[in-house]
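The sequence and structure are shown first.

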Amino acid sequence: MPSSELICTPAQTVGPFFGLGLPFAGDSALVGADVPGAVELHGAVYDGAGVTVPDALVEIWQPDTAGRLSRAPGSLRRDGRPFTGWGRAATDTDGHYRFITVPPGPVNPGRPPYFAVSVFARGLLQGLFTRAYLPGGDIAADPLLSTLDRGRRDTLLCIAENNSPRTGYRFDIYLQGPNETVFLAYRERRR
């Protein structure tokens, strides 16, 4: 007589399949490398054990240097025309990502400028959202930064670098663990 007991199967996440359809030519270049004032935003994505994640996907949204949000269509076209304020970079085999862009200006006068960042990685059923603030901004003027203690706040601050041939910012993302990056929850707007 067959047993009526069902055998449990292990839970699994699907993917990651980021390399199949999401990357595209020029996805991490929001501006050309030869644009005056272009900067590099780069870093690594780390898991809870402090090991880099070689198959993550990082996206950024940002205003231009004057703090204006782009409304231009064609974010997927990277032909050197309008700055669209959006980019995507897959991490390499060492878990590093890199964008060429312009420094964002403050959207709200007096508040520190930042990159809006989204991270997709294995084991995540939904993307994680955070911010990468440029160094030197007025922390007290920002509603988010001013509420965090220094240790947590530091996980949202870029580190300025002056590398050849361009200025850059380093922003490492820790998905879990003692250095976990502060992640944000967005609620749907009520209509």
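## The largest pocket

The largest pocket holds about 490 Å³ of space. Grid points are joined across faces, edges and corners, and the volume is the space filled by probe spheres set on the points.

The lining of the largest pocket consists of 25 residues, and those nearest its centre are W61, L69, V107, Y114 and A116. Strands β5 (114-120) and β6 (128-133) each contribute at least two residues to this lining. Sorted by class, the lining of the largest pocket comprises 14 nonpolar, seven polar and four charged residues, where Ala, Val, Leu, Ile, Met, Phe, Trp, Tyr, Cys and Pro count as nonpolar, Asp, Glu, Lys and Arg as charged, and the others, Gly among them, as polar.

## Basis of the model

The model is predicted, and local features need pLDDT of at least 70, side-chain atom pairs count only at pLDDT 80 or more, and totals for chains, interfaces and linings use all residues. Residues are numbered from 1 along each chain as its sequence is written, and side-chain values use heavy atoms, with hydrogens and water left out.

## The second largest pocket

The second largest pocket has a volume of about 220 Å³. It is lined by 14 residues, and D154, T155, L157, D172 and Y174 are the closest to its centre. By class, six nonpolar, four polar and four charged residues make up the lining of the second largest pocket.

## Overall fold

The chain contains two helices and nine strands, which follow one another along the sequence in the pattern α-β-β-β-β-β-β-α-β-β-β. These elements are DSSP runs numbered from the N terminus, with helices (H or I) of at least four residues and strands (E) of at least two. Of the 191 residues in the chain, 37% count as buried; buried means under 20% relative accessible area, exposed over 50%, and partly exposed in between (1.4 Å probe, protein chains only).

## Salt bridges

Six salt bridges are found in the whole structure, a salt bridge being a side-chain nitrogen of Lys or Arg within 4 Å of a carboxyl oxygen of Asp or Glu. One of them joins the side chains of E59 and R88 at 2.7 Å, N to O. This pair links distant parts of the chain, since E59 belongs to strand β2 (residues 57-61) and R88 to strand β3 (residues 86-90), 29 residues apart. E59 counts as buried because its relative accessibility is 7%, and R88 also counts as buried, at 11%.

R68 pairs with D64, their closest N and O atoms being 3.0 Å apart. In this pair R68 counts as exposed because its relative accessibility is 54%, while D64, at 15%, counts as buried. A further salt bridge joins R150 and D154, with 4.0 Å between the closest N and O atoms. R150 counts as exposed at 60% relative accessibility, whereas D154, at 34%, counts as partly exposed; D154 is also among the residues closest to the centre of the second largest pocket.

## Surface and loops

W61, F129 and Y186 make a nonpolar surface patch of about 310 Å². Patches are made of residues with over 30% relative accessible area and no salt bridge, with like charges joined within 9 Å and nonpolar side chains (Val, Leu, Ile, Met, Phe, Trp, Tyr) within 5 Å; accessible areas come from the Shrake-Rupley method with a 1.4 Å probe, and for residues only the protein chains shown count as cover. Y186 is placed in the segment after β9 (173-174) and counts as exposed because its relative accessibility is 53%.

P165 sits in the loop between β7 and β8 (167-170) and is exposed, with a relative accessible area of 76%. P165 and A38 are 127 residues apart in sequence, yet 10.0 Å apart in space, C-alpha to C-alpha. G137, in the loop between β6 and α2 (150-153), counts as partly exposed at 30% relative accessibility.

Definitions and conventions:
1 Å grid on protein atoms, 1.4 Å probe; cavity = no way out; pocket = protein on both sides within 12 Å on 5 of 7 lines; lining within 4 Å.
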